[in-house]
Amino acid sequence: MALTITGLSKTYSNGVKALKNLSLSIGNGMFGLVGPNGAGKSSLMRTIATLQDPDSGSVSLDGIDVLRQKDEVRRILGYLPQEFGVYPKISALDMLHHLAVMKGMTNLGERKGSVDALLQQTNLWEVRKKALTTFSGGMKQRFGIAQALLGNPRLIIVDEPTAGLDPTERNRFLNLLSSLGSDRTVILSTHIVDDVRQLCPRMAIIASGELLLEGSPAETLAALKGKIWSKVVATDDQAQALEKQLQVISTHLVGGEHEVRAFANASPGEGFSAVECDLEDVYFLTLARHGSSHMVN
Ligand code: ADP
């Protein structure tokens, strides 16, 4: 499956330019789309999911014109939106049957087979008769995947699915995503770099509606090898002084001290040691080079 996005632009009626001439190609397997809040990820996801039109540009999915042949896209699309909306008081089982009928699965025998299989796959079989309103955040997200998988879609879009999940729920959810197979395309939009590191052989970083970087996590890490330096300082003032002198990528609190990570071709000064770079370094450095604000913690 090949999804080709070409020159997509979108300005909302309030003047916000959410997508700026964005082009991107996405193939089979899990693709990570990462960017800070407000980067334009949801706008892009909603456009691919045929829920909103851009001002200009085109999207093609294996020869289907996504912006015009919407019904054809919807037949092969599973979508887990950022806001899944109101959860009714009915059970997971009944809701999945209802959504399956809406997707055109009218044969009861076939529908039962696929609904039951999805409840097993998403680990919701035991709680299938419980009302969705009683589900935890992680269970709701797994239900979201179950409904997205109805009809065995070839393209699956999941928008910020791990936000708000506790570590156990998040882990379980990432495992579920990774089991979806490589014979289809799964686009995972997230602001959590670690989700992408764990799951995605290909990724893109976007900010302010623009594509900043596209590649495999391994390639992007290789490009920074030997250029990431770390130093631990005691106070915030010392960390800020270093930020003025060096190309600091991020400052993290570690056990109450400040770990400063900087980019440099050679040691940037006393007390710095070369460290293994991680995907968060790639992400923060890419945003910093673009001049985007980024979260430093
Ligand atoms: P992300 O998913 O990366 O957080 P979004 O696509 O939701 O980014 O938003 C991109 C920008 O567009 C943000 O500045 C956001 O406030 C704005 N935006 C999103 N949806 C709308 C809308 N319906 N009307 C006006 N502005 C919007």
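Me: Let's start with Asn152. Is Asn152 buried or exposed?

Reply: The general idea is a pair of cut-offs: buried means under 20% relative accessible area, exposed means over 50%, and partly exposed is whatever falls in between, with a 1.4 Å probe and protein chains only. Asn152 comes out at 56%, so it counts as exposed. Keep in mind that this is a predicted model, where local features need pLDDT of at least 70, side-chain atom pairs count only at pLDDT 80 or more, and totals for chains, interfaces and linings use all residues. Residues are numbered from 1 along each chain as its sequence is written, and side-chain values use heavy atoms, with hydrogens and water left out.

Me: Where in the fold is Asn152 found?

Reply: Elements first: helices (H or I, at least four residues) and strands (E, at least two) are DSSP runs, numbered from the N terminus. Asn152 sits in the loop that links H5 with strand S7 (155–159). Look at its backbone too: phi is positive, about 50°, although Asn152 is not a glycine.

Me: Which loop holds Asn123, and what is its phi?

Reply: Asn123 is in the loop between H4 and H5. Its phi is positive at about 60°, and Asn123 is not a glycine either. With a relative accessible area of 49%, Asn123 is partly exposed.

Me: Let's read a helix. Which residues of helix H3 are buried?

Reply: In H3 (residues 92–102), the buried ones are Ala92, Leu93, Met95, Leu96, His97, Leu99 and Ala100. Their cover includes helix H4 (108–121) and helix H5 (137–149). After H3 comes Gly104, with a positive phi near 95°.

Me: What does His97 touch?

Reply: Contact means heavy atoms within 4.5 Å. Leaving out residues up to four places away in sequence, His97 touches Leu108, Arg111, Lys112 and Val115. His97 belongs to helix H3, and its relative accessibility of 16% is why it counts as buried.

Me: Which side chain makes a polar contact with His97?

Reply: A polar contact is a pair of N or O atoms within 3.5 Å; within protein, one must be able to donate a hydrogen and the other to accept it, and residues adjacent in sequence count only if both atoms are side-chain atoms. Here, the side chains of His97 and Arg111 are joined by one of 3.0 Å.

Me: Where is Ser216 found?

Reply: Ser216 is in the loop between strand S10 (210–215) and helix H8 (217–222). Its relative accessible area is 12%, so Ser216 is buried. A polar atom of the Ser216 side chain lies 3.0 Å from the backbone nitrogen of Glu219. Beyond four places in sequence, Ser216 touches Pro201 and Arg202.

Me: Is Arg170 buried or exposed?

Reply: Arg170 is buried, at 17% relative accessible area. You'll find Arg170 in helix H6 (residues 167–178). Setting aside neighbours within four places in sequence, its contacts include Asp194, Asp195 and Gln198.

Me: Now the ligand. How many residues surround it?

Reply: A residue is near a molecule if one of its heavy atoms lies within 4 Å of it. Here 13 residues surround the ligand, the closest being Gly38, Gly40, Lys41, Ser42 and Ser43. By class, the shell divides into five nonpolar, six polar and two charged residues, where Ala, Val, Leu, Ile, Met, Phe, Trp, Tyr, Cys and Pro count as nonpolar, Asp, Glu, Lys and Arg as charged, and the others, Gly among them, as polar. Helix H1 (residues 41–48) gives the largest share of the shell, four residues.

Me: Which polar backbone atom is 2.7 Å from an oxygen atom of the ligand?

Reply: One belonging to Gly38. A polar backbone atom of Ala39 is 3.0 Å from a ligand oxygen, and an N or O atom in the side chain of Asn14 is 3.4 Å from a ligand nitrogen.
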